[in-house]
Amino acid sequence: MNALAIAAPAKLNLALRVGKPDGTGYHPLASWMCTIALFDNLSIVREGPPGLRFTCDDPALPRDAGNLVLRAARELLTDARLGYAALSITLRKRIPSAAGLGGGSSDAAATLLGLNRLFELGFGREKLALIASALGSDVPFFLYGPSAYCRGRGERVSPLPAPSLARWALLVLAPFGLSTADVYRRFDDMALGTAESPELAEAQKLPDFSSRELLNVLSNDLEPAAFSLAPALSDLHATIERHLGRPVRMSGSGSTLFTLFDDPDEANRAAQRARDTLFGPRFAVVTLAPEVSDVGDPL
Ligand code: C5P
């Protein structure tokens with residue numbers, strides 16, 4: 001095999017509990033994570049002289065050690081003793097950055113899965129997950145997806161089905177991003193997070209809840225920190241909740257907000273009303289836990 005293309009989905013943290021930081025400054029998590037039908041596209045081709053070439057249609061993406069695709073490729077190729085492989089990697093970016101949607105993490109996981117297949121390395125998921133967790137807290141989830149209960153720093157991934165009824169999300173994409181590290185710093189400054197090892201209450205029951213039932217119990221412990229750091233997000237959250245007349249949650253460390261629907265027509269009508277009335281954020285309706293054949297372009 002000489003080339004392959006992979007769709008890398010975004011995620012929502014449907015629920016996120018965060019504990020107080022451990023000795024290393026990291027925070028223990030408990031999160032129900034689910035992929036959504038919003039994708040980056042990665043193509044990997046074995047060609048040219050030895051070395052790793054990377055191109056991306058988003059000029060804002062870092063080209064250095066901050067680029068998770070390059071880091072993932074280097075880690076995997078070094079581990080596989082293929083340091084001199086000849087590769088071109090092309091990334092078509094559609095998932096907004098610093099939005100709490102896990103775009104960089106998903107790209108990194110797709111790189112690990114793609115190279116594992118392209119070079120027929122035969123690394124198992126546990127082996128890839130070891131490399132993944134060193135790249136970022138959300139990367140292991142994307143090796144397992146589309147829906148899972150993630151604990152620890154995100155590396156303890158257990159099966160949890162996607163919502164069976166609440167299958168559509170209305171995304172509210174704020175016109176600014178938030179730095180995950182900054183949000184966690186504010187979380188500590190505000191002395192939030194008391195549990196030593198947080199858990200989601202009765203997680204196994206949640207997948208069968210309707211969107212209304214789910215929205216009443218889902219929470220994100222990072223919201224107060226993100227809202228304090230970015231008062232504009234707090235205002236946006238209040239405005240959207242009032243406008244939609246239903247609870248709205250934040251994904252990850254922000255800045256994306258979302259609400260859930262059981263009915264796609266209702267979700268699309270709400271999105272259209274919001275677009276007609278509210279200026280600033282973008283609105284998109286996406287399915288949760290999409291089939292890979294759902295690769296679309298909702299933005
Ligand atoms: O793991 P990720 O690269 O997404 O984390 C970015 C930053 O967010 C970390 O460097 C750390 O400051 C903070 N973080 C944390 N606890 C977590 C996840 C992230 O403190 N569980």
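The questions below take up the ligand site, the overall fold and some backbone details.

The model is predicted, so local features need pLDDT of at least 70, side-chain atom pairs count only at pLDDT 80 or more, and totals for chains, interfaces and linings use all residues. Residues are numbered from 1 along each chain as its sequence is written, and side-chain values use heavy atoms, with hydrogens and water left out.

Q: What makes a residue part of the ligand's surroundings, and which residues surround the ligand?
A: A residue is near a molecule if one of its heavy atoms lies within 4 Å of it. Gly25, Tyr26, His27, Leu29, Gly136, Ser137, Thr180, Ala181 and Tyr184 surround the ligand.

Q: How much of the ligand does the protein cover?
A: The ligand on its own has 450 Å² of accessible area, and the protein covers 72% of that. Such areas come from the Shrake-Rupley method with a 1.4 Å probe.

Q: How many residues of each class does the shell around the ligand have?
A: There are four nonpolar, five polar and no charged residues. Ala, Val, Leu, Ile, Met, Phe, Trp, Tyr, Cys and Pro count as nonpolar, Asp, Glu, Lys and Arg as charged, and the others, Gly among them, as polar.

Q: What makes up the secondary structure of the protein?
A: It comes to nine helices and ten strands, taken as DSSP runs (helices H or I, at least four residues; strands E, at least two) numbered from the N terminus.

Q: Why is the protein called as compact as a globular protein of its length?
A: The globule rule is 2.2 Å times the number of residues to the power 0.38, with the radius of gyration taken over C-alpha atoms. For 299 residues the rule gives 19 Å, and the radius of gyration is close to that at 19 Å, so the description holds.

Q: Where is Pro146, and what is the peptide bond from Gly145 to Pro146?
A: Pro146 is in the loop between helix H4 (139-144) and strand S5 (147-152). The bond from Gly145 is cis, with omega near 0 degrees.
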